[in-house]
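Please look at the sequence and the structure together while I speak.

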Amino acid sequence: MKVYLEVGAKKTFASAVDWPGWSRGGKSEDEALDALLDYAQRYARAVDVRVSEFGPLTRASLEVIERLRGNPTTDFGAPGIVPELDRALVTPAQLCGLVALLRATWDRFDNVAAFARGQELGPSGPRGGGRTLEKMVAHVADAQAAYISAIGGKWREGAPWADTKREFESVLADRAAGKLPDVGPRGGKRWPAPYAVRRSAWHALDHAWELEDRLS
């Protein structure tokens, strides 16, 4: 299975190239790769595929095809660097496949959030704390609004989650079709469509899994 690594000063992320959202972190490359393998079953359930579709799942079967230098976002605990592989042109058929996986990750978050309503959430870590369910749902929606901006669209925080998802897909299609420029008005590089899918899927699953852990 092809993977890429994002290596920061304090944390490393390993991401499955062909399975957006399947990204896990660790203090080292080895820890990140092990964490990626550990989440195979969880990811398969989230996107409704058989684990066998991933191929052999051993450390020896993982092919690292790209290494990226991380940044403060990496060390904070989120993948934040666009791999070169995501800058390649994406066909409508490829985008359709990516969006199908993305929708599955959104559905996973929505379903877990719905199940969690009215239940008590445990702490998010050994130090306790963690967002309430309402704040987590709002956080995921607001982050998605920021992702729309990152690929060249315009959206507002606080908009309904369903509307935000639809707008993201619309802007994503424009970005993949070349209707939105690669560089923003201030000179910053915009996210290519494959990376935008990857980042959104990771964020939805990361919080879905957090909720699951806090409910257990």
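Let me begin with a question: in which helix is the place of His 203? His 203 belongs to helix α7, which covers residues 193-215. Please keep in mind that this is a predicted model.

Is His 203 buried or exposed? Its relative accessible area is 6%, so His 203 is buried; the cut-off for buried is under 20%. If we set aside residues up to four places away in sequence, His 203 touches His 139, Val 140, Ala 143 and Tyr 147.

A residue with another setting is Glu 157. This residue sits in the loop between α5 (133-150) and α6. Its relative accessibility is 59%, so Glu 157 counts as exposed, the cut-off for exposed being over 50%. Leaving out residues up to four places away in sequence, Glu 157 is in contact with Asp 142 and Ala 145. Between the C-alpha atoms of Glu 157 and Pro 83 there are 27 Å, and these two residues are 74 residues apart along the chain.

I now turn to the chain as a whole. The secondary structure consists of 7 helices and 4 strands. In sequence order, the pattern reads β-β-β-α-α-β-α-α-α-α-α. The radius of gyration is 17 Å, close to the 17 Å from the globule rule for 216 residues, so the chain is as compact as a globular protein of that length. The C-alpha trace spans about 45 × 45 × 35 Å along its principal axes.

How much of the chain is buried? Of the 216 residues, 49% are buried. Among the contacts with a separation of 6 or more, 60% are between residues 24 or more positions apart. The chain exposes about 11200 Å², and carbon and sulfur atoms supply 50% of that area. As for charge, there are 30 positive and 29 negative charges, and their mean positions are 4 Å apart.

Let us look next at one helix, α1, made of residues 29-38. Its buried residues are Ala 32, Leu 33, Ala 35, Leu 36 and Leu 37. As a general point, an α-helix has 3.6 residues a turn, so residues three or four places apart point the same way. What covers the buried residues of α1? The cover includes the strands β1 (2-7), β2 (12-16) and β3 (23-26), together with helix α2 (40-47).

My last topic is the aromatic rings. The structure holds 11 aromatic pairs. In one of them, the ring centres of Trp 22 and Tyr 43 are 5.3 Å apart and the planes lie at 15°, so this pair is stacked. Trp 22 is in the loop between β2 and β3, while Tyr 43 is in helix α2, so the pair ties together parts that are 21 residues apart in sequence. Trp 22 counts as buried at 0% relative accessibility, and Tyr 43 is buried with a relative accessible area of 0%.

Another pair joins Trp 106 and Phe 168: the centres are 6.0 Å apart and the planes stand at 75°, so this pair is edge-to-face. Trp 106 lies in helix α4 (residues 92-116) and Phe 168 in helix α6 (residues 161-176), so parts 62 residues apart in sequence are tied together. Both Trp 106 and Phe 168 are buried. Finally, Trp 19, Trp 22, Tyr 43 and Phe 54 form one aromatic cluster.

Thank you for your attention.

Methods: Residues are numbered from 1 along each chain as its sequence is written. This is a predicted model: local features need pLDDT of at least 70, side-chain atom pairs count only at pLDDT 80 or more; totals for chains, interfaces and linings use all residues. Side-chain values use heavy atoms; hydrogens and water are left out. Buried means under 20% relative accessible area, exposed over 50%, partly exposed in between (1.4 Å probe, protein chains only). Helices (H or I, at least four residues) and strands (E, at least two) are DSSP runs, numbered from the N terminus. Contact means heavy atoms within 4.5 Å. The radius of gyration is taken over C-alpha atoms; the globule rule is 2.2 Å times the number of residues to the power 0.38. Accessible areas come from the Shrake-Rupley method with a 1.4 Å probe; for residues, only the protein chains shown count as cover. Lys and Arg count as positive and Asp and Glu as negative; His and the chain ends are not counted. The place of a charge is taken as NZ of Lys, CZ of Arg, CG of Asp or CD of Glu. Rings of Phe, Tyr and Trp (its six-membered ring) pair if their centres lie within 6.5 Å; planes under 30 degrees apart count as stacked, over 60 as edge-to-face and the rest as tilted.
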